[in-house]
Amino acid sequence: MPFLSRRLRAALLATASATLVAATLPAPVPLGIGDPLFPHLGNPGYDVLAYDIGLSYRGRNSEPLDAVTTIDARTTEPLDRINLDFTRGTVHSVQVNGLGVDFATRGEDLIIEPPGSLPEGVPLRITVRHTSDPSGEPDSGGWVRTADGLAMANQADAGHRVFPGNDHPADKAYFTFRVTAPQELTVVANGQRTGRIRHGDRTTWTYRTAHPMATELAQVSIGRSAVVERTGPRGLPVRDVVPAADREKLERWLRKTPGQLEWMEQQVGRYPFENYGVLVADTETGFELETQTLSLFERRLFTDGAFPEWYVDSVMVHELAHQWFGDSVSPRTWSDLWLNEGHASWYEARYAEVHAGKSLERRMRDAYTRSDGWRAEGGPPARPAAPAPGEKISLFRPVVYDGSALVLYALRQEIGEGDFDRLERLWVRKHRDSDAATADFADLASRVAGRDLTAFFDAWLYEERTPPMPGHPDWESTTPAGER
């Protein structure tokens, strides 16, 4: 046997050891945290603390952006592999704690081979160099192409169509965005702007969040935009982002936001984030979206004149209410979606009653009439049916909107307005910057009411038929056609 240096022998042993480990590991497969509606969403074994997302936009919204995503995390159990959610982009390289590592893609997972087995409790810095492609199907989420650039619409499971990560609201983290674009364009993202540096004919914009955020709430807007600044309650910074050509036309709507913020604070307490505003995008999505600190709206909602003023106002309040319910307090699983949409619909309806004379009781009675049909079509509020294959947006059905606001109306009837209002304030304060589940809401409601409400919530949230409405024994729900 020829003489081998100590360094060479060590290298050969390390190679043999790595080969042996690779041979004993199962083939890389997509994983998930077992969400009942999105079983492959999220990943076990680590907790993300922060994302740093760098994007380079060349000015053409159908071309991939060059991107670098850096993830700071900590393992929560021993790991032989690290799974990230990611699709709709090309991965060029991956580093873990500064070392280049092998990787593979399976389904919508990026599967990383770390440099050795990782014990529980160790810090990770994962750096992925990749592209981020906005040219996919427009209704599948992720990047949304606008008339002058891009925006994001990542709900419910589309954050990983833009950047790699742990794409589930149960794992919130702090975000930094560094976006480089042609100098004539404006970039705005969640949080506060911390930098703007011009280099040649391009500018790099930096934004950071002051509070943790779910991946589905990330927002980056790139376009020919005007940023309109004003103040809200207690001097809260309000910044609206609109197509520059529509700046004056949209002012009648933009100036409403401070008053809407003040009204919501009167209902549930202090606004939970560092700033707020509306992002008006010249695109057609078919929905509005509560991206954190910067809610996304279609331009046509404000400009085509088809919607009465009270309706537009209530939609604005719906997305604003989500900043408390859904953003600050995120759902632990997507089956807890009713807590998001039910509350946003509730305050939307309350606002329309107070400011436009639209009867809350009449709206809830109409919802009660339809409730059995909604449950038959989409499942009960806290046990919604899975979205149709290839139609993830179908999760957002009437039963999680007015069907779930109806649950809150029934709860207020059951425990009284005073306890109900106290519950709402306690809920958003207790779970601020975190996630919570349906069981947490039911437990807190029982404590506030001073009695066990388990039977009430079981019936209203999980039964196929709608229970009798407290205080309104004459209300009737129409029997679904298939059950007659």
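Start by selecting R161: this residue is buried, at 7% relative accessible area. Buried means under 20% relative accessible area, exposed over 50%, and partly exposed in between, using a 1.4 Å probe and protein chains only.

Before moving on, know that this is a predicted model, where local features need pLDDT of at least 70, side-chain atom pairs count only at pLDDT 80 or more, and totals for chains, interfaces and linings use all residues. Residues are numbered from 1 along each chain as its sequence is written, and side-chain values use heavy atoms, leaving out hydrogens and water.

**Stop 1.** A salt bridge is a side-chain nitrogen of Lys or Arg within 4 Å of a carboxyl oxygen of Asp or Glu. D157 is buried too, at 5% relative accessibility.

**Stop 2.** Now select E348 and R363. Their side chains form a salt bridge, 3.0 Å from N to O. The pair links distant parts of the chain, 15 residues apart: E348 sits in helix α6 (residues 337–356), R363 in helix α7 (residues 360–378). Helices are DSSP runs of H or I, at least four residues, numbered from the N terminus. E348 is buried at 12%, while R363 is partly exposed at 22%.

**Stop 3.** Which bond joins R363 and D402? A salt bridge, with the closest N and O atoms 2.8 Å apart. D402 lies in helix α8 (residues 402–415), 39 residues from R363. D402 is buried, at 16%.

**Stop 4.** Select R252, K256, E309 and D313. Salt bridges that share partners join these residues into one network.

**Last view.** Show the whole structure: a search finds 25 salt bridges.

Key:
Helices (H or I, at least four residues) and strands (E, at least two) are DSSP runs, numbered from the N terminus.
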